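Okay, everyone, thanks for coming.

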2 protein chains.
Amino acid sequence: MEKVNLKTQNLKKKLIEIFKKHGLSNDHATISANAIINAELVGAYGHGLSRLKMYCDRISKKLINPKPKIKIKKISQSISHINADNSIGFVAADIAVKKAIQNANKTGIGLVAVKNSGHYGLSGYYAEQAVKKNLIIMIYTNAPPAVAPHGASKSLFGTNPICFGTPTSSKIPFILDTSISKINRGKIRVAARYNQKIPEGVTLDKFGNPTTDPKKALHGVQLPIAGFRGSGLAWMVDILSGVLTGANHAGRVKDPFDDFSGPQNIGHLFITFKTNLFVKNYNNRIKDNIKKVKRLPKIKGVKEIVYPGQNKYKRFKMNSKKEIKLTEVIKKDLELLKN
Amino acid sequence: MEKVNLKTQNLKKKLIEIFKKHGLSNDHATISANAIINAELVGAYGHGLSRLKMYCDRISKKLINPKPKIKIKKISQSISHINADNSIGFVAADIAVKKAIQNANKTGIGLVAVKNSGHYGLSGYYAEQAVKKNLIIMIYTNAPPAVAPHGASKSLFGTNPICFGTPTSSKIPFILDTSISKINRGKIRVAARYNQKIPEGVTLDKFGNPTTDPKKALHGVQLPIAGFRGSGLAWMVDILSGVLTGANHAGRVKDPFDDFSGPQNIGHLFITFKTNLFVKNYNNRIKDNIKKVKRLPKIKGVKEIVYPGQNKYKRFKMNSKKEIKLTEVIKKDLELLKN
């Protein structure tokens, strides 16, 4: 974070203080603050400061454990199982990705499952860590009900992102981090907080009617991408991150904003492997691959074909130089939480 | 195949004879015939008999090697690299999935990469093998250019399926096998052979205009599901199955029907793992998961919420009892190829 704007650095210090005041260790507070600042810098506001109050509320209500006893069970040299003891999701994911990196470095491949975790922000943020170590990574996590299975009129799947990262031989990693819903739930939450409308055709209200009102959408259903296909991908993610890991699944992950009846018990799955397992020149091959795609003729109005992660990187660089603009709602949250 | 209709059994024998006549060993001919018959029985006609002549043509032109020296390189107890020596894709995939099953049984996880392979039909067919051994499996393969990357006006990605399979505790496996294009290329080929129209909104002709003419679509562009997201998933599959494995990638996989300038050199990646790595009661958990989804309220007109693979299984059971109907085109192919 050394090149980050001074005011952003101060904001980060403020977040660390807030988390520490809520009982987190300095380490865990720093990991959490870093993740939140990163979300702001890449422009993923639904995973940034807009969630700070929610995290603190859940700590205060003992639904997030500020002093978790996180257990890492070794299944084999490649495989680990983490019981996050209801830690804040950021910390569980940080430990898990580091373990997945370690396992892949040791044996070529790593598989790390996490249970008893919570919302951890952006999968892509953790993918970056592995890609920086020259590894390929796949990450799956489940989330509270938001998307209706194909054929159902009620939500059950989360927006269940699929994340894939690979080194590119350039400093800008290839990181696909895509939810399987037509719109991210975080974006709907932000729109709801600021009384903005959401696009047409991406959500239904609780009666099954199309809506552009974010508050109605939050009580209704988000539509999956590509009908049966997107619904199948969401189901796959629920199985990989929930059924397999020992976490909640099948719609039992609690909504962190609305449901204070217990911890979320989200599950995550991290798969890592070395890029040079089967070829010696992976870096040249991926460089060539990206170049070939970028050189294709473009459709009208398109200046550049970008790969997943490129725009996010650009936003990060740009926003790092500037002060993070705080809305009145966030300013109020910060004021409230530091006292 | 013991419960299969007698005429289907005879058809299979005919296919085996045809492949043997083209130089394949009895084993390889049987593996190939089984895969083709299976595609017909599950109703995936684009991967069935409609491709038989193409395979034989490519063998005759020495682009598929009828007597391949397939090399399996052990990278670790979990990881293997297969050089398929331009075998028919069915054989490469069959060997690969068996190796991936073996590795997962030994160490909990298997990772098998294949290069110098060809079109292998349905990913789901190989996934079934692993699921029957009580393993979870993920399969990626690339394919000839068919889908335009987001922002490009020319195809480069294949329809690059994503396949995921898991045991369900019932005899019907959960097998998601979804291409990332709005329509399968095989379906367009079948429509072209029989002069049928294809649905609106799923393809463009070579000038970038929407078309329902399958022949124009084959020379044009298939649209990815979900825009940038589907395009990103297709790119991920090309990296995992092509860049990583040492196979062709970035649009270099040859179209098996149109391009006789060399072997396809398709790549595949198989990831397998045990279901009980992290929980003791996986079978109960997945059973409960599926039950919860199935019990959701349904939208109007939907009788049952089905999981991926369920309809295919039903079609297989139904079609197994009946004779496979041969079209005039296929009858002509069979007559031609057996002489």
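So, let's start where the two chains meet. Keep in mind that this is a predicted model. Here, 55 residues of chain A are in contact with 55 residues of chain B. Which elements of chain A supply at least two residues each to the side that touches chain B? On the strand side, we have β2 (79-83), β3 (109-117), β5 (162-166) and β6 (174-178), and the helices are α8 (228-243) and α9 (282-294). If you sort that side of chain A by class, you get 32 nonpolar, 16 polar and 7 charged residues.

Now, how do the copies sit relative to one another? Rotate chain A by 180°, with 0.0 Å of shift along the axis, and it superposes on chain B with an RMSD of 0.0 Å. That's the relation of a two-fold axis. If you want to find the axis from chain A, go to A226(A): its C-alpha is the nearest one in that chain, 3.1 Å away. And 100% of the interface residues of chain A are interface residues in chain B too, so the copies meet through the same surface.

Is it buried or exposed? Well, 5 of its 5 residues are buried, so β5(A) is largely enclosed by the rest of the structure. In a regular strand, side chains alternate between the two faces of the sheet. Here, I162(A), F164(A) and T166(A) point one way, while C163(A) and G165(A) point the other way, and all of them are buried.

What about its neighbours? β5(A) pairs with β4 (135-141) of chain A in the antiparallel sense, over 4 bridges. It also pairs with β6(A), again antiparallel, over 5 bridges.

Last stop, chain B, helix α3, residues 52-60. Which residues are buried there? Y55(B), C56(B) and R58(B) are. They cover an arc of only 160° around the axis, which puts them on the same side of α3(B). The cover over those buried residues includes α1 (6-21) and α11 (328-338) of chain B. And just after α3(B), look for K62(B), which takes a positive phi of about 60°.

Technical notes:
Residues are numbered from 1 along each chain as its sequence is written. Chains are lettered from A and ligands numbered from 1 in the order in which they are written. This is a predicted model: local features need pLDDT of at least 70, side-chain atom pairs count only at pLDDT 80 or more; totals for chains, interfaces and linings use all residues. Two residues are in contact if their C-beta atoms, placed from the backbone, lie within 7 Å. Ala, Val, Leu, Ile, Met, Phe, Trp, Tyr, Cys and Pro count as nonpolar, Asp, Glu, Lys and Arg as charged, and the others, Gly among them, as polar. A residue is buried if 20 or more other C-beta atoms lie within 10 Å of its own, exposed if 12 or fewer, and partly exposed in between; C-beta atoms are placed from the backbone. The arc is that of the directions from the helix axis to the C-beta atoms. Two strands pair if DSSP finds at least two bridges between them. Copies are superposed by least squares on the C-alpha atoms of residues with pLDDT of at least 70 in both.
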